[in-house]
Amino acid sequence: MRTAPAAGRPGLRRVLVNRTRVTAAGERQERGQRVTVNMTKGQAISLRKNDGGDLTAVRMGLGWQAAPRRGLFGSRTREVDLDASAVLFAEKQPIDVVFFRHLVSDDGSVRHTGDNLVGGAGQGGDDESILVDLQRVPVHIDQIVFTVNSFTGQTFQEVQNAFCRLVDETNGQELARYTLDGGGRYTAQIMAKVHRAGGGWQMTALGAPSEGRTFKDLMPAILPHL
Amino acid sequence: MTAELVRGQNLPLPHTRLEVRVSAGAPVVCGATLADAEGRLSGAGQVVHPGAPRLPGVEVPGTAAMEHRLVLDLDALAPEAHRLTVLLALPGGGGDPGAPAHFGALAPPRLTVGVPDGDGIATYTLTGLDTESAVAALELYRRQGAWKVRAVGQGYADGLAAMLADQGLPPMTAGELAAAALAAAVPTAPPATAQPAATPLTPGPAVTGPPPPRTADGGSAAPTTAVPLDRATTDPAATGATARPPAAVPGATIDYSHPRRSTASRPAPAVERAAGTGPRPPAPASAPAPATAPAVPVAGDAAGWTMDERLYNQVWGMFEDLARTTAAYRSAIDFADSRREQELDRALADPRARIGSAGDAARAAGGARYEELSARARETLDRDLAQLTAESEAVEPALPPAYARWDHPVWLGYRPPAEPAMAVRLGDLRLPERPELRIPMLIRLPLERGLWIDSGRGGSAGSLMADATELRRLAAGTAALHAVRLLAAHPPGGCAAHLLDPGGSAASAFASLTAAGLVSAPPAQGAAGVTAVLDRLVRRVELVRMAVRGGATDALPPDIDLADQLLVVNDFPYGFDDRSVTRLRYLADEGPAVGVHLLLVADRADAAAYGPLLDPLWSALLRLTPVPDEHLADPWVGHAWTYEPPTAPAGGGALARVLGELGSTRR
């Protein structure tokens, strides 16, 4: 039997490290100014700071512009629903996935802030976010792959102002950005992977177009990139 | 609503005529300083203390006491006074050897800023104090023409003199002033200075009279009953992971600080100081913790309007963290396991490797890789569990009665609450990775579903060991404990209990409740008793539901008791006919929404004759067991948690106190 204690519980989201991360405010000044990296496909950058410390948290952001409202029968507007997902791998075996049906990885280190079904104003704000607390990722997870899917089936050509990006969550610095719209007749993109390298983490931009409704359709396409 | 401030938080004040109510676990001296815009005192005349208890706009009590009222009229303050600091100091720093010498030995003092004799605006509990004997508790300061209050909580181990010197007085003056203040406050002082406690500044009904008179004997008697739980008396090596306060003396105070942590690592309000907008006083006496050290857990470190809500959220946060960190560990171990299997299979699939040393080498390499990964996973787990254990040790002593274990000293001072508790503790939850780390199982009130104490053999090791009659006896005893806790979580008259024991088999378990007058009538026996009680409750549920739906709650018949009702049924379905079973199911389904709650003691096997008919009843109830059993799943990952039922406190002092208090309010 399952307890239902969550029912009466206010929406509390907390991981252990959320509290320890408070110290990041103090570090902020000492961290050197970093130049935004314009990623090209396959390029790898280390998520290691200039002063040698590791990045502790990254966020994948996904934003797009909602389909324009039609006049009389507004409810028949063909909504655009893009979904961000993160798949956690241990030595090429998928262990866990964070997407709109499973918003928090079992270990609590990867969190999806919630499904957006229609998109936003298209002015550069993230409509879906996935937060990764790299310090809390379980020891056997060595790669996290971020993907974008068009759940409603429009290709990226048909979506206005769509982009996905990877952000250093501790200071808001953008690490990589892809513009999705006009990118061809694809419905999915395997965006980037964050993987362990030495003691820290490294990010590799993948930017591989693909086809599929959810991350499950992408699994065969992801495997070559691991 | 009264805001609960945390250290460093500030709040605008809507009034200038205010009262600061102080309550502490032992007599304390209360005073105030009036500093300029730079936060500095211009002279000894800017300090209001028992020896000089009055300045324009501020008046402090003249004696040390456990309860204080400071009367403030901020409009009447001198215009150059920009910052009014409310300070507390312990008089025991000087003369009386029995008095506590530092705040760590007391329950955390609590301050409420409010309108005189009226509602509170903000409250602040001074947690985390240790060797300090004086503390700057609150600050009221001018900010762009308006007044704000800030929770400061800056303690000084060197006492009042150090605090005054910190605010800019020359050390000599500060020392003399501190000595004078403390001398004037001890009860042997001439009555002329001890008398004018807090006479109202302004006439009128809104202002209270003097504080509760605290005479010489009252002031000095209290510390002798209080037992300071000094860390120095607690051998750190002797206290295990589940160390609990050596309690059980009535009036014992609780040490909120962590038993194994030195004071040096306690975080001072460094963040607040760095972020403060105005000029700050010089560095405080206690150095702030280095920023890299892991945060020392404190009780109430969560969001919420009240301390109870914060503790509730904190406990649930610990529950989630333990579930998730264990999930990460188990996932890593599973992965390491399956990888080792696969590698071995691969090695053995090659016929050449079966003979010779190659197979052994592959096996050894696989084993080494397994060990390496599992060691790293274990290290991470241990780090998180250590943090959670430390948090648990900080949180458990701070829990209010409704959340506390039965052996918690807070029960010894139990008084019925003024309003229903937010949640109750139904037991403890633990995982096999760290059995001694137990998370309180807190369930929100009002209960959303009934409770079922399973008196049958659920298949767990614990239930297989006990024989059937023993299990039934345990189940009835557990149910009685749950019933007492539920009643104790409600204000007087807020919850009425009914007892159905058709077989009379739980008479001894429920004897204490009956004797204390907690149940409206002696346990109803036989089928007729069952029918009568059920009919009454069903009628109540039906009428209240109809009234609520129709919006006519004022049209209820006068004999309807609108208090919550707790129906305790022992040995279900003995003594129930088909009609009664149907009525019970109705109560289980519809009762919780209108305040009728069910506590059922039953063995599902006894009801086997009903077939699947009763399955919805069982699944609608929250199953608890009288012996530890793994049957509860968390809502995040779905681990099987071992539920540990509450156990009656040794000696029964706490239970007797609760029953006595509850019974006396019912007579």
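1. A:Gly63 is found in strand 2 (residues 57–63) of chain A. Helices (H or I, at least four residues) and strands (E, at least two) are DSSP runs, numbered from the N terminus. Residues are numbered from 1 along each chain as its sequence is written, while chains are lettered from A and ligands numbered from 1 in the order in which they are written. This is a predicted model: local features need pLDDT of at least 70, side-chain atom pairs count only at pLDDT 80 or more, and totals for chains, interfaces and linings use all residues.

2. Is A:Gly63 buried or exposed? A:Gly63 is buried, because 24 other C-beta atoms lie within 10 Å. (Buried means 20 or more other C-beta atoms within 10 Å of a residue's own, exposed 12 or fewer, partly exposed in between; C-beta atoms are placed from the backbone.)

3. Leaving aside residues up to four places away in sequence, A:Gly63 touches A:Gly120, A:Gly124, A:Gly125, A:Asp126, A:Asp127 and A:Phe163. (Contact: C-beta atoms, placed from the backbone, within 7 Å.) A:Asp83 is 20 residues along the chain from A:Gly63, and their C-alpha atoms are separated by 9.7 Å.

4. In chain A, 5 strands form an open sheet in the order 5-6-2-8-9, with antiparallel pairing. Strand 5 (110–112) and strand 9 (173–179) are the edge strands, each pairing on one side only. (Two strands pair if DSSP finds at least two bridges between them.)

5. A:Val110 has A:Val132 in strand 6 as its bridge partner.

6. Now the whole chain. Chain A holds 3 helices and 11 strands. Of its 226 residues, 40% count as buried. Take the contacts in chain A with a separation of 6 or more: residues 24 or more positions apart account for 66% of them.

7. Which residues of helix 3 (residues 215–222) of chain A are buried? They are A:Phe215, A:Leu218 and A:Ile222. They cover an arc of only 55 degrees around the axis, so they sit on the same side of helix 3. (The arc is that of the directions from the helix axis to the C-beta atoms.) An α-helix has 3.6 residues a turn, so residues three or four places apart point the same way. Among the elements covering the buried residues of helix 3 are strand 3 (82–90) and strand 11 (200–210) of chain A.

Methods: Two residues are in contact if their C-beta atoms, placed from the backbone, lie within 7 Å.
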